[in-house]
Amino acid sequence: MKVFIDAVAVAAPGIKSWDDALPVLKGEQPYQAEPLDRYKPMLLPSNERRRATELIRLAFRICEDAVKGYEYKLENLASVFATSCGDFHIIDQVCRTLCQPERMVSPTQFHNSVHNSAAGYWSIAIQSRAPSTSLSAYDHTFQAGLIEASSMVMAQQQQTLLAVYDTLPPSPLAAKRAIVQPFATALLLSPTASEKSLGQLSLTLTTNESIESACTNSDMETLRLSNPAARSLPLLELLANQQAGNISLSTPASQTLNLSFQPCN
């Protein structure tokens with residue numbers, strides 16, 4: 001499969017946007033992991049914004065950054081939302097509530113507990129009825145999301161927004177799921193090149209297992225291993241530096257996802 005990357009966004013401690021990430025990914029500035037502020041989704045109506053959880057706000061941070069220069073109708077934009085385990089804090093709250101004698105789960109907690117909650121809020125925000133998929137593949141969630149989004153681009157011949165994101169789990173979930181930093185990234189993928197295209201991405205699956213590609217920056221490599229969504233960082237390094245290169249990513253089926261990136265400029 002071959003797709004074009006028209007826009008990219010990223011969020012992590014110390015990185016609020018793609019513009020923040022560029023000097024770090026280029027090696028021009030040291031990485032400083034400062035806590036992210038509480039994001040206020042600009043596209044969400046006020047009622048939905050009040051109900052939005054930390055995970056949904058993280059998804060909106062990257063989605064709104066990725067489409068800020070979008071010249072077409074957002075409601076026509078297809079989407080893929082990928083998170084490895086869903087909303088940890090809502091899971092924790094619901095489980096704690098179910099341990100109480102009354103078992104009174106609030107309606108807001110219930111509708112935020114489903115895996116496609118961020119996709120639902122996004123469709124409300126942009127008034128979209130375009131195709132949308134929400135998925136999870138544990139530590140391989142970025143790879144699965146990229147394959148799904150690229151397949152949608154090729155099959156539907158329409159632009160597709162990929163959003164991959166995970167927040168920190170609270171105790172006691174943290175003892176079973178070792179995610180130590182929040183991280184999120186979004187890619188706006190297109191079937192054809194445009195003036196805004198950053199590069200062409202080719203995807204192939206091979207049956208042989210290969211060593212997964214690492215980041216060239218040691219701080220970014222530590223961040224890559226801290227969160228399933230951060231497995232995207234070797235690709236983000238190539239994008240930031242506008243450098244051609246090949247990347248290998250593992251998949252659950254003992255296969256390797258091979259990415260080949262070629263800048264457009």
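Predicted model: local features only at pLDDT ≥ 70, side-chain atom pairs only at ≥ 80, totals over all residues.

Biologist: Is aspartate 65 counted as buried or exposed?

Modeller: A residue counts as buried when its relative accessible area is under 20%. Aspartate 65 has a relative accessibility of 13%, and therefore it counts as buried.

Biologist: Which residues does aspartate 65 touch, apart from those up to four places away in sequence?

Modeller: They are Ala9, Ser17 and Trp18. A polar atom of the side chain of aspartate 65 lies 3.2 Å from the backbone nitrogen of tryptophan 18. The side chain of aspartate 65 also makes a polar contact, of 3.2 Å, with the side chain of lysine 68. Sequence separation and spatial separation should be read side by side: alanine 11 is 54 residues from aspartate 65 along the chain, and their C-alpha atoms are separated by 9.7 Å.

Biologist: How do α3 and α6 cross?

Modeller: For a pair of helices, one reads the approach of the axes and the angle between them. The axes of α3 (residues 54–66) and α6 (residues 117–126) come within 9 Å and cross at roughly 50°. That angle makes α3 oblique to α6. The crossing of α3 past α6 is right-handed.

Biologist: Which residues of α3 and α6 meet?

Modeller: From α3 come Ile56, Ala59, Phe60, Cys63 and Glu64, and they meet Ser117, Ala118, Tyr121, Trp122 and Ala125 of α6. By kind, the residues of this contact divide into eight nonpolar, one polar and one charged.

Biologist: How many residues of α6 are buried?

Modeller: Seven of its ten residues are buried, so α6 is mostly covered. The buried residues are Ser117, Ala118, Ala119, Tyr121, Trp122, Ala125 and Ile126. They pack against α2 (46–51), α3, β2 (78–82), α5 (107–112), β3 (132–135) and β4 (160–166). After α6 comes glutamine 127, whose phi is positive, near 55°.

Biologist: What does tyrosine 121 touch, not counting residues up to four places away in sequence?

Modeller: Tyrosine 121, in helix α6, is buried with a relative accessible area of 4%. It touches Leu44, Glu48, Arg51, Ala52, Ile56, Phe60, His111 and Asn112. One of these partners, alanine 52, is 69 residues away along the chain, with 8.1 Å between the two C-alpha atoms.

Biologist: With which residues is alanine 125 in contact, leaving aside its neighbours within four places in sequence?

Modeller: Alanine 125 is in contact with Leu43, Leu44 and Phe60. This residue of helix α6 is buried, with a relative accessible area of 16%. For separation in space, consider alanine 125 and valine 164: they are 39 residues apart in sequence and 18 Å apart from C-alpha to C-alpha.

Biologist: How do the axes of α1 and α9 cross?

Modeller: The axes of α1 (residues 18–25) and α9 (residues 233–241) come within 9 Å and cross at roughly 90°. The two helices are therefore roughly perpendicular to each other. Trp18, Leu22 and Leu25 of α1 make the contact with Leu233, Leu236, Glu237, Leu239, Ala240 and Asn241 of α9. This set of residues divides into seven nonpolar, one polar and one charged.

Biologist: Where is serine 197 found?

Modeller: Serine 197 is found in the loop between β5 (183–190) and β6 (199–206). Serine 197 is buried, with a relative accessible area of 2%. Its side chain joins that of aspartate 6 in a polar contact of 2.7 Å, and it reaches the backbone nitrogen of serine 194 at 2.9 Å. Not counting residues up to four places away in sequence, serine 197 touches Phe4, Ile5, Asp6, Thr192 and Cys264.

Biologist: Is glutamate 221 counted as buried or exposed?

Modeller: Glutamate 221, in helix α8 (residues 218–224), counts as buried at 18% relative accessibility. Leaving aside its neighbours within four places in sequence, glutamate 221 is in contact with Ala214 and Cys215.

Note on methods
Residues numbered from 1 in each chain as written. Heavy atoms only, no water. Axes fitted to C-alpha atoms, helices over the stretch in contact; angles between N-to-C directions. Helix = DSSP H or I, 4+ residues; strand = E, 2+ residues; numbered from the N terminus. Parallel < 35°, antiparallel > 145°, perpendicular 65-115°, else oblique. Left-handed = near helix turned anticlockwise from the far one by under 90°. Contact = heavy atoms within 4.5 Å. Nonpolar A, V, L, I, M, F, W, Y, C, P; charged D, E, K, R; others polar. Buried < 20%, exposed > 50% of the residue type's maximum accessible area, 1.4 Å probe, protein only. Polar contact = N/O pair within 3.5 Å; in protein donor to acceptor, adjacent residues only side chain to side chain.
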